[in-house]
Amino acid sequence: MNNCSSSMSKFILLGFPYAWEIQILLFSIFSGTYILTLIGNLCIICAVRWDHQLQTPRYILLANFSFLEIWFITSTVPTMLANFLSENTTISFSGCFLQFYFFFSMGSTETFFLSAMAFDRYLAICRPLHYPTVMTVQRCIRIGACCWVCGFLYFLLPVYLTSQLPFCCLNKIDHFLCDIGPLIKLSCVPAPATEILCAIYNSVLIFSTLFFITSSYTLVIRAVLRVPSAEGWHKAFSTCGSHLAVVSLFYGSIMVVYVSPTAGNPAGIQKYVTLSYSVITPLFNPFIYSFRNKEMMTALRKLFRTVRFSLRHARSLQKPFVHN
């Protein structure tokens with residue numbers, strides 16, 4: 001294959017090459033999923049913003065997490081939806097690597113936020129007397145800012161090294177986004193150093209944060225088992241159960257794809273596994289965190305009542321006066 005790196009200006013995202021009728025069906029499904037994800041996560045953000053009882057470290061971290069999920073799904077789904085309806089599924093070289101950077105940066109940020117939320121639950125359940133002094137609102141804001149900064153700095157080097165590879169003229173990416181595995185496979189020459197470096201970066205991030213999260217929840221479960229009352233058990237497990245569900249879904253998916261990004265996973269499997277954590281997880285998170293949380297459900301009911309009252313009031317003001 002010829003080296004086209006000097007003249008490479010675009011890639012072709014193959015996405016889901018099905019019949020036109022199936023493409024329309026997929027467009028309908030994923031556009032609905034995208035809208036529901038935006039609405040669900042925006043509801044959590046608004047509930048935390050307007051309900052003073054939810055302006056605590058736990059819910060501040062959750063609001064940041066919901067804001068992250070909005071941008072995480074926005075980094076991929078709009079492009080995918082446009083490609084469903086278009087015969088031209090190209091993406092520019094710079095656009096591809098910009099998507100690559102933001103997608104991985106927000107994925108990294110998500111692992112840091114999941115770790116911070118696990119640490120918050122550990123302090124609340126295992127160190128309840130120290131929790132108000134250790135996890136203050138100001139410290140929570142600093143932890144959140146650290147998650148954002150570290151997440152967006154972590155993958156700079158792998159993205160830069162991948163962008164410097166000599167790409168072949170066959171510029172077709174068998175994926176619905178610019179992912180690290182398909183991009184490395186497009187290189188004209190073997191790139192073992194870049195591939196190993198990316199695998200190390202992925203493995204360190206995934207396993208270190210997963211170890212931290214599982215250690216935190218192991219200590220939580222040990223503390224809960226010492227509680228004699230069934231009510232204490234139920235409260236603690238309902239608090240942590242939603243977090244564990246999100247962690248299991250997210251980490252189970254990314255470990256399949258990114259521990260070894262070019263190892264024998266068929267492209268079709270990679271696409272569907274990527275869908276599970278980049279599209280499905282952001283959709284389920286608002287439901288998982290809301291339906292299992294009485295405080296959040298109460299705040300959402302207040303929010304919906306306020307919105308309904310505001311809409312009725314605005315509609316009544318727009319009615320024309322009737323003159324006899």
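**Core and helix packing**

Within the largest nonpolar core, which has 85 residues, the members that touch the most others are Phe 11, Leu 114, Tyr 251, Tyr 258 and Met 296. Such a core is a set of buried Ala, Val, Leu, Ile, Met, Phe, Trp, Tyr and Cys residues joined through side-chain atoms within 4.5 Å; buried means under 20% relative accessible area (1.4 Å probe, protein chains only). Helix 4 (residues 93-126) contributes the most to this core, with 15 residues; helices are DSSP runs of H or I with at least four residues, strands are E runs of at least two, and both are numbered from the N terminus.

This is a predicted model, in which local features need pLDDT of at least 70 and side-chain atom pairs count only at pLDDT 80 or more, whereas totals for chains, interfaces and linings use all residues. Residues are numbered from 1 along each chain as its sequence is written, and side-chain values use heavy atoms, with hydrogens and water left out.

Apart from neighbours within four places in sequence, Leu 114 is in contact (heavy atoms within 4.5 Å) with Phe 65, Ile 213, Val 246, Val 247, Phe 250, Tyr 251 and Tyr 289.

How do helix 4 and helix 7 pack? Their axes, lines fitted to C-alpha atoms over the stretch in contact, lie 10 Å apart at an angle of about 155 degrees. Helix 4 is therefore roughly antiparallel to helix 7, a term for angles over 145 degrees. Phe 93, Phe 97, Phe 100 and Tyr 101 of helix 4 make the contact with Leu 156, Val 159, Thr 162 and Ser 163 of helix 7.

Asn 171 is located in the loop between helix 7 (156-163) and strand 3 (172-173). Asn 171 counts as buried because its relative accessibility is 14%.

Conventions: Buried means under 20% relative accessible area, exposed over 50%, partly exposed in between (1.4 Å probe, protein chains only). Axes are lines fitted to C-alpha atoms, for helices over the stretch in contact, and angles run from 0 to 180 degrees between N-to-C directions. Angles under 35 degrees count as roughly parallel, over 145 as roughly antiparallel, 65 to 115 as roughly perpendicular and the rest as oblique.
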